Amino acid sequence: MRDGEVLLVTDVQNDFCPGGRLAVPGGDEVVPVINRLASRFRHVVLTQDWHPEDHTSFASSHPGKAPFSEIEMPYGPQTLWPDHCTWESEGAAFHADLDIPQAQLVIRKGYHKEIDSYSAFFENDRTTPTGLSGYLRERGLTRIVCVGLAFDYCVRYSAEDAVAHGFDTIVIEEACRAIDLAGSAAATKASFRDRGIKLR
Ligand code: VGL
Ligand code: ZN
């Protein structure tokens, strides 16, 4: 671990693991990888997807719309998801084997009913901040190592925001798994290359 380095662990929650409501293929496989990696970090931040039951990112909030279809929201296109990670549900809990006692902050996101939040830094309007950028800067943490679920949604948006806001940004591929809708995993890798996000 270098000085000023933080591990950002994205959404390692039951609903994103096999058996969960928005299961990412192989999602649980990242848990031992992340535990091992985290043991080498002094600074760790976790994110937790955290939605009210009637969240507008849920297909169930839009009669006639199917999960994984797309709609237009005031802030742009939004993929509709199966219900997942609802407040205080078992699905929203971290995977039971995630073992990072030194984690220092949990950023919850997606708690505003009308707007989704993939990134740990900004909601999906790309302007409402979560406060994470200020927190990291105030603590002198300038290099972010990104891991977790899902590679092509929340990890991707967080890494893109991190690099756009001047953080040195690395994504560890073996500690991520993708949902992979319509080529989104490949598009994520291309975007990382274009933006100078290091994929290790
Ligand atoms: C996520 C879709 C909806 C993620 C969260 O963690 O990547 N994806 N909510
Ligand atoms: Zn979500």
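Student: Which element gives the largest share of the lining of the largest pocket, and how many residues is that?

Tutor: A probe the size of a water molecule, rolled over the atoms, shows where empty space is left. In this predicted model, local features need pLDDT of at least 70 and side-chain atom pairs pLDDT 80 or more, while totals for chains, interfaces and linings use all residues. The largest share, four residues, comes from E4, and strand E4 (76–79) and helix H3 (151–164) each supply at least two residues of that lining (helices, H or I, of at least four residues and strands, E, of at least two are DSSP runs, numbered from the N terminus). A pocket here is an open set of points on a 1 Å grid over the protein atoms alone, with protein on both sides within 12 Å along at least five of seven lines; a cavity is a set where a 1.4 Å probe fits but cannot get out, and lining residues have an atom within 4 Å of a point.

Student: What is the volume of the largest pocket, and which residues line it?

Tutor: The volume is about 200 Å³, taken as the space filled by probe spheres set on the grid points, which are joined across faces, edges and corners. Among the lining residues are Tyr75, Gln78, Thr79, Arg126 and Tyr157, and by class the lining has five nonpolar, four polar and two charged residues (Ala, Val, Leu, Ile, Met, Phe, Trp, Tyr, Cys and Pro are nonpolar, Asp, Glu, Lys and Arg charged, the others, Gly among them, polar).

Student: How many cavities of 30 Å³ or more are there, and what takes the space of the largest cavity?

Tutor: The count comes to one cavity of 30 Å³ or more, and the largest cavity holds about 100 Å³ of space. That space is taken by ligand 1, on the rule that more than half of a molecule's atoms lie within 2 Å of the grid points. Of the 14 lining residues, Phe16, Leu22, Asp49, Tyr118 and Cys154 lie nearest the centre of this cavity.

Student: Which residues are around ligand 1, and which atoms of Asp11, His84 and Cys154 lie by it?

Tutor: The residues around ligand 1 include Asp11, Trp81, His84, Tyr153 and Cys154, each with a heavy atom within 4 Å. Polar contacts pair N or O atoms within 3.5 Å: a polar side-chain atom of Asp11 lies 2.6 Å from a ligand oxygen, an N or O atom in the side chain of His84 is 3.1 Å from a ligand nitrogen, and a backbone N or O atom of Cys154 lies 3.1 Å from a ligand oxygen. Taken alone, ligand 1 exposes 260 Å², of which the protein buries 100% (Shrake-Rupley, 1.4 Å probe).

Student: What kind of peptide bond joins Leu149 and Ala150?

Tutor: A cis peptide bond joins them, with omega about -15 degrees, and Ala150 is in the loop between strand E6 (143–149) and H3. Residues are numbered from 1 along each chain as its sequence is written, chains are lettered from A and ligands numbered from 1 in written order, and side-chain values use heavy atoms, without hydrogens and water.

How values were computed: Polar contact = N/O pair within 3.5 Å; in protein donor to acceptor, adjacent residues only side chain to side chain.
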